[in-house]
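Subject: Structure handover

Hello,

Please read the notes alongside the coordinates.

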Amino acid sequence: MRTSTQILPGIKAIGWIDCRHLPRRVDLSAICGMTVAVLTDVHPIAFFDEPTCECKTKKDGAGYEDTATLKFLTDRKLPRNPCLGFVVTDVNGKSYLLGSLEAPHPQVESEQRCGLPSGDAAGYEYEIKHVSIRSMVPCVI
């Protein structure tokens, strides 16, 4: 089994979408080298830390499996939608989609943080994981 890791060079924008409005099989479009058009509302997420997004690819025999992990800190709760997806834009202006119309959808975990006198900000810490054939799909919004 071989593993490779791709890390976005810096994140300048994050937004959430409803995956039910995405086209079918965006992962296969990405495998073919196609950019996917996101034709739904992208709701911006204000973050105040240094968000990270990395994608680990495992090659096992003839198959591939990607796991994308997005982490950020925000002052607002995200909606509780079972089909939530995310659009991440890096410092080079390239956008990537984490999510798809079909299952599996990204798993959203959150933890409420209290501000500390040492200067740590209060808010919600989110960790989003998406496991798919291609979990981080190039997109245009």
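Glu125 is partly exposed, with a relative accessible area of 35%; buried means under 20%, exposed over 50%, and partly exposed in between, computed with a 1.4 Å probe on protein chains only. Glu125 belongs to strand S10, where strands (E, at least two residues) and helices (H or I, at least four) are DSSP runs numbered from the N terminus. Leaving aside neighbours within four places in sequence, Glu125 is in contact with Phe72, Leu73, Glu109, Ser110, Glu111 and Arg113; contact means heavy atoms within 4.5 Å. From Glu125 to Cys114 the C-alpha to C-alpha distance is 10 Å, at a separation of 11 residues in sequence.

On provenance: this is a predicted model, in which local features need pLDDT of at least 70 and side-chain atom pairs count only at pLDDT 80 or more, while totals for chains, interfaces and linings use all residues. Residues are numbered from 1 along each chain as its sequence is written, and side-chain values use heavy atoms, with hydrogens and water left out.

Confidence

pLDDT is the predictor's confidence in each residue, from 0 to 100. The chain has a mean pLDDT of 86, and 94% of its residues reach 70 or more. Where pLDDT is low, the predicted coordinates should not be read in detail.

The structure holds 1 aromatic pair; rings of Phe, Tyr and Trp (its six-membered ring) pair if their centres lie within 6.5 Å, and planes under 30 degrees apart count as stacked, over 60 as edge-to-face and the rest as tilted. The partners are Phe72 and Tyr126, which are stacked at 5.5 Å centre to centre with 20 degrees between the planes. Phe72 is in strand S6 and Tyr126 in strand S10 (residues 123–132), so the pair links distant parts of the chain, 54 residues apart. Phe72 is buried at 1% relative accessibility, and Tyr126 is buried at 3%.

Thr74 is in strand S6 and is buried, at 2% relative accessibility. Not counting residues up to four places away in sequence, Thr74 touches Ile45, Ala46, Phe47, Phe48, Gly123, Tyr124 and Tyr126. A polar atom of the Thr74 side chain lies 3.5 Å from the backbone nitrogen of Arg76.

Thr69 is also part of strand S6 (residues 63–74) and is buried, with a relative accessible area of 13%. Beyond four places in sequence, the contacts of Thr69 are Thr52, Cys53, Glu54, Glu127, Ile128 and Lys129. Thr69 and Pro9 are 60 residues apart in sequence, with their C-alpha atoms 14 Å apart.

Salt bridges

There are 5 salt bridges in the structure, a salt bridge being a side-chain nitrogen of Lys or Arg within 4 Å of a carboxyl oxygen of Asp or Glu. One of them joins Glu127 and Lys71 (3.6 Å, N to O). Glu127 lies in strand S10 and Lys71 in strand S6, so this pair ties together parts that are 56 residues apart in sequence. Glu127 is partly exposed at 24%, as is Lys71 at 39%. Lys71, Glu127 and Lys129 are linked in a network of salt bridges.

Another salt bridge is between Arg20 and Asp18, with the closest N and O atoms 2.8 Å apart. Arg20 is exposed at 51% relative accessible area, whereas Asp18 is buried at 12%. Arg25 and Asp27 also form a salt bridge, with a closest N to O distance of 2.9 Å. Here Arg25 is partly exposed at 36% and Asp27 is buried at 7%.

The open sheet

An open sheet of 6 strands runs in the order S3-S11-S8-S7-S2-S4, with mixed pairing. Its edge strands are S3 (36–37) and S4, each of which pairs on one side only; two strands pair if DSSP finds at least two bridges between them. Strand S8 (residues 95–98) pairs with strand S11 (residues 137–140) in the antiparallel sense over 3 bridges. The bridge partner of Leu97 in S11 is Val137.

Regards

Key. Polar contact = N/O pair within 3.5 Å; in protein donor to acceptor, adjacent residues only side chain to side chain.
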